[in-house]
Amino acid sequence: MRSLIPQSYEASRERFRSSLARIALRWPSSRMEVHLIREGERDLSIDVLHAPATGQAQHMLVVTTGEHGIEGFVGSAVMELAMSEVLPALDPEATSLCLVHAINPWGMKHEQRTNAANVDLNRNFVMSWDSGERVNDGYRSLRSTFQPQGPMPSVRWNRLLLTGKMMSLAAAGKSGMLRQALLAGQYEEQAGLYYGGTEWQPETQVMRHLVDDCLKAAPHLVHVDLHTGYGPRNRMSVVNSELDPVPSTQWMKRIDYQNVVATTPLEFYRMEGDMIDYIYRKHAISTPTTPMYATCFEFGCLGDSLLAQIDSLWCAVANNRLRQHGAVSEDIADEVRRLWREAYCPSEPSWEEHAHSNALRAFRGILHDQGLIS
Ligand SMILES: [Zn+2]
């Protein structure tokens with residue numbers, strides 16, 4: 001199998017831009033919109049391919065990548081796969097497309113999850129910033145573990161140290177608390193992990209406008225947002241919003257895909273400021289009577305055993321420490337970067353094969369269930 005994972009943000013964007021000609025063969029009014037994150041910075045952009053239906057649009061299919069920068073490499077590969085294997089089955093007369101390359105281009109270019117201001121964009125889609133204080137007590141109590149000070153001193157010893165701490169928390173039955181403290185998002189520590197910011201980021205603003213436009217463009221919205229990281233290795237999880245009314249077990253039957261979870265503490269984890277939740281809330285306000293389905297594909301990288309989850313936490317802590325405080329040597333910095341990349345874009349060829357087959361199966365199941373393909 002030929003790898004579709006691009007070598008760089010620039011190569012990925014170039015390939016995406018050049019796909020316009022291919023899409024335009026069936027959607028002749030296709031156009032590419034380029035949104036600069038900051039005025040004058042032409043090397044960082046959110047690229048949006050709009051392909052309006054050739055007749056009266058019945059459906060709008062949205063596919064988005066790279067909300068978490070570094071996850072955009074696999075996102076780009078799966079987008080390319082969808083263009084060649086999934087989109088040809090759609091009816092251009094009835095279906096419009098909106099394809100987004102790199103919601104977080106700075107993060108993709110610099111291989112980070114967050115943007116230049118260290119904001120996790122998937123904690124930044126809050127509905128309003130004046131609805132009181134957002135306090136995450138769990139994060140506060142574990143702050144010194146999540147944000148150790150000083151340059152990264154080692155890899156192996158540092159990993160063992162964190163593993164020891166986490167195993168004792170697990171033995172005390174506190175794994176769930178730890179997960180929720182970390183992944184729910186926090187709004188106080190700008191240099192911390194899963195920081196949601198204090199205002200909408202430029203990238204979030206672009207997406208908010210785009211979501212509004214897409215909800216109005218057709219009477220039925222289907223949105224797939226591509227992520228990597230959590231869940232069992234070699235298996236992609238379809239992660240639904242807790243605001244979707246249909247239970248995960250029913251979705252598994254409907255789309256003929258075995259690994260569907262919802263963002264509840266029991267099945268996955270709950271978070272603030274999630275983009276898919278934002279789409280559900282916006283839909284309930286602006287177009288509540290039309291059908292919609294928005295979800296994430298989450299490609300598991302390190303795995304979901306306790307040790308794999310600890311490793312994934314270590315990668316997040318170590319990468320953030322490197323970004324905030326540097327490392328005592330360039331070798332240690334390189335090793336942290338390599339392990340971090342493996343946590344979001346595994347280099348093993350068979351991993352990508354699984355990712356492709358899972359993605360194709362779920363795409364087909366969803367588009368069939370939603371009436372976009374027969
Ligand atoms: Zn993600």
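User: How are the donor residues of the zinc ion spaced in sequence?

Analyst: The spacing is H-x2-E-x155-H. Donors are N, O and S atoms within 2.8 Å of the metal (3.2 Å for Na, K and Ca); water is not among the atoms, so sites may look incomplete. Here the zinc ion is coordinated by His 68 (ND1), Glu 71 (OE), Glu 71 (OE) and His 227 (ND1), at 2.0 to 2.7 Å. This is a predicted model: local features need pLDDT of at least 70, side-chain atom pairs count only at pLDDT 80 or more, and totals for chains, interfaces and linings use all residues. Numbering runs from 1 along each chain as its sequence is written, and side-chain values use heavy atoms, with hydrogens and water left out.

User: Are His 68 and Glu 71 buried or exposed?

Analyst: Buried means under 20% relative accessible area, exposed over 50%, partly exposed in between (1.4 Å probe, protein chains only). His 68 is buried, at 3%. Glu 71 is buried too, at 2%.

User: Which domains does the assignment give?

Analyst: Domain bounds come from an automatic or database domain assignment. For this protein they are domain 1 (9-127 + 196-301 + 345-369) and domain 2 (137-183 + 305-343). Their C-alpha centres lie 28 Å apart.

User: How much area do domain 1 and domain 2 bury between them?

Analyst: Buried area is the accessible area (1.4 Å probe) that two parts lose on being put together, summed over both. Here that is about 1,400 Å², 37% of it on carbon and sulfur atoms.

User: What is the salt bridge count between the domains?

Analyst: A salt bridge is a side-chain nitrogen of Lys or Arg within 4 Å of a carboxyl oxygen of Asp or Glu. The count between domain 1 and domain 2 is 1.
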